[in-house]
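Please walk me through this structure, stop by stop. I have it open in a viewer and want to know what to select next.

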Amino acid sequence: MRVAARLFLALLAVGLLGATAPQPKLVPDVSQREVEIRYSFTGAQLLLFGAILYPGGKVPADPADIIVVLRGPSQQLVMREKRQVAGIWLNANSAEFRSAPSFYAVASSRPIRDMVDERTAAIYELGLDKLQLSPSSLNDGVEIDRFSRGLTDLRIRNGLFVERPGSVRITDGVLYQATLPLSARVVVGTYTAETFLVRDGRVLAAAVREIEVRKSGFERLMGVFADRQPVLYGLTAVAMALSLGLLAGYLAQRI
Amino acid sequence: MDLYLPIANLSVNALLIVGLGGIVGLLSGMFGVGGGFLTTPLLIFYGIPPMVAAASAASQVTGSSISGVYSHLSRDTVDLRMGGVMVAGGLVGTLLGAAIFSVLQRIGQIDTVIALLYVLMLGSIGLMMAQESIGALVAMKRGQPAPARRRRHHPLVAALPMRWRFYASGLYISPLAPFILGIVSGILTMLLGIGGGFVLVPAMLYILGMQTQVVIGTSLFQILFVTMATTMVHSLTTKAVDLVLAFLLLLGSVTGAQIGTRLSMKVRPEYLRVVLAFIVLVVAIRMALGLGWRPDEIYTLDIL
């Protein structure tokens with residue numbers, strides 16, 4: 001929903017601007033439309049690339065900047081904060097977030113704050129500090145700030161939030177490419193790769209591609225099995241434990 | 001060799017997990033304990049979510065206790081009646097444990113409770129074991145036999161209503177006592193992923209006053225059934241049993257258990273008990289420090 005809303009905003013902005021002068025267009029693509037999580041999955045590197053089509057094919061003297069954002073499905077989260085109570089660290093305080101992205105990676109050709117102002121960055125959610133985490137519990141503003149920072153920090157260290165300013169390469173002002181890492185801890189679902197063309201502090205064009213992250217083969221089977229056939233799954237686990245234990249005992253007697 | 005765990009949703013070094021299972025199996029074979037008390041904390045230290053760790057460790061205990069039960073059954077050192085009562089209590093305990101688990105999870109205190117329970121349980125049992133085994137060692141060095149403990153059950157047990165005869169254990173007591181013991185071990189298995197042998201064996205000896213020959217066999221018998229039940233309950237409620245993780249752990253632990261059993265025949269049991277007491281105390285101290293130290297992560301996230 002929110003992706004669609006943002007896209008609409010972006011298109012609206014582009015449309016309004018487009019009324020005055022012909023605007024450049026973006027033709028984006030990603031190296032993989034599908035990421036499959038298999039037994040050996042330790043993460044993936046996604047290449048986001050594409051072309052900037054200027055009207056009339058004329059590349060202006062001061063070429064525009066590119067920001068690419070890779071975003072995972074939103075999650076409803078509860079975040080708990082540990083505090084020392086009677087010498088023991090335990091979860092004391094908590095905050096809920098209604099829809100925080102499970103994954104967010106952003107790359108740009110220059111540091112984002114040099115390209116756009118605070119407001120524009122907030123509208124398009126460009127940068128980790130501009131993410132809308134939608135806190136839904138009744139904490140006060142100071143606490144929400146603290147929890148939001150904690151959430152961002154935790155996700156950065158888990159490789160789920162990534163910021164790579166200056167890592168988008170633009171060749172001849174026309175072709176751009178960026179690599180973003182997908183951590184092994186990502187959740188499955190539909191991811192979006194958004195590309196923004198920015199000049200003079202304004203977003204001139206935006207385009208979206210979807211990437212499907214899913215478990216495949218054995219891993220998918222296991223997840224489905226555990227979820228849909230819990231009795232059979234449990235029995236399989238028990239049977240596996242019993243037979244391995246007995247087999248080892250039997251073999252040990254032979255040796 | 002990295003392997004992706006489909007339920008835990010992360011990849012682990014497969015050889016490391018097999019090795020971990022192997023060490024735990026070695027200890028469990030040497031000391032005759034389930035070893036779950038080591039698996040769960042070590043898996044948590046490694047970064048596996050506590051729930052998945054506890055749920056998958058239970059099936060490891062199943063695997064490492066089955067061959068023990070088999071040999072005890074063939075030597076007739078299992079009190080089946082006593083074991084049956086305790087299994088019944090254990091089943092009630094796993095269901096109670098599941099309810100406690102979900103309540104604690106909702107209020108966000110499951111991790112603290114797991115750690116606290118570990119500290120309390122391992123600390124007290126470790127101290128008891130250390131005291132008893134060092135006493136036995138000293139007596140052995142002096143060349144005197146350790147003073148024989150008078151076998152009798154705790155006065156509280158005698159106060160319970162109803163009495164059954166447990167021939168193999170040499171007891172005429174209320175079945176409620178082993179039933180309650182079973183419940184406690186069921187709850188602990190569900191929460192901590194341990195077999196509960198740690199609690200059961202001393203309790204059977206010192207609270208119930210069972211005959212020593214049948215204590216190990218009967219506790220293994222109970223552990224076997226309770227860990228199987230735990231695996232089932234986890235599969236049905238938390239859905240946190242990871243078959244790949246369990247397989248890796250089992251692979252190591254069943255092998256380690258066999259090696260451990262052979263090693264244990266070459267070492268005097270008095271020394272073994274001192275070493276076990278030491279390991280138990282180290283784990284307890286490490287967990288206690290973990291509670292008091294400022295944790296690496298102040299924040300934790302739960303997906304609703």
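The tour below moves from whole chains to single pairs of residues. Keep in mind that this is a predicted model.

**Stop 1: chain A as a whole**

Select chain A. It has 6 helices and 12 strands.

**Stop 2**

Colour residues 2-214 as domain 1 and residues 216-255 as domain 2. The centres of these two domains, taken over C-alpha atoms, are 41 Å apart. Now look for the contact between them. Here 5 residues of domain 1 of chain A meet 5 residues of domain 2 of chain A. The domain 1 side of that contact has 2 nonpolar and 3 charged residues, with no polar ones.

**Stop 3: a sheet in chain A**

Show the strands β2, β12, β11, β4, β7 and β8 of chain A. In that order they form an open sheet of 6 strands with mixed pairing. Which strands stand at the edges? They are β2 (34-37) and β8 (161-165) of chain A. Each has a single partner strand, so one side of each lacks a neighbour in the sheet.

Zoom in on β7 of chain A, residues 104-108, beside β8(A). The two strands pair in the parallel sense over 5 bridges. Pick A:Val106 and find its bridge partner in β8(A), which is A:Glu163.

**Stop 4: chain B as a whole**

Switch to chain B. It has 11 helices and 5 strands. Its radius of gyration is 19 Å, close to the 19 Å that the globule rule gives for 304 residues, so chain B is as compact as a globular protein of that length. Along the principal axes, its C-alpha atoms fill a box of roughly 55 × 45 × 40 Å.

**Stop 5: where the chains meet**

Show both chains together. Here 47 residues of chain A are in contact with 45 residues of chain B. Which elements of chain A give two or more residues to this contact? Select β5 (74-85), β6 (88-101), α4 (141-157), α5 (217-228) and α6 of chain A. The largest share, 16 residues, comes from α6(A). By class, the chain A side has 26 nonpolar, 13 polar and 8 charged residues.

**Stop 6**

Select β5(A) together with β5 of chain B, residues 299-303. These strands pair in the antiparallel sense over 5 bridges. Pick A:Glu81, and you will find B:Tyr299 of β5(B) opposite.

**Stop 7: helices crossing between the chains**

The crossing of α6(A) and α9(B) is right-handed.

From α6(A), select A:Pro230, A:Val231, A:Tyr233, A:Gly234, A:Ala237 and A:Val238. They meet B:Met228, B:Thr231, B:Met232, B:Ser235 and B:Leu236 in α9(B). How do the residues of this contact divide by class? There are 8 nonpolar and 3 polar residues, and no charged ones.

Methods:
Residues are numbered from 1 along each chain as its sequence is written. Chains are lettered from A and ligands numbered from 1 in the order in which they are written. This is a predicted model: local features need pLDDT of at least 70, side-chain atom pairs count only at pLDDT 80 or more; totals for chains, interfaces and linings use all residues. A crossing is left-handed if the near helix is turned anticlockwise from the far one by less than a right angle, and right-handed if clockwise. Helices (H or I, at least four residues) and strands (E, at least two) are DSSP runs, numbered from the N terminus. Two residues are in contact if their C-beta atoms, placed from the backbone, lie within 7 Å. Ala, Val, Leu, Ile, Met, Phe, Trp, Tyr, Cys and Pro count as nonpolar, Asp, Glu, Lys and Arg as charged, and the others, Gly among them, as polar. Two strands pair if DSSP finds at least two bridges between them. Domain bounds come from an automatic or database domain assignment. The radius of gyration is taken over C-alpha atoms; the globule rule is 2.2 Å times the number of residues to the power 0.38.
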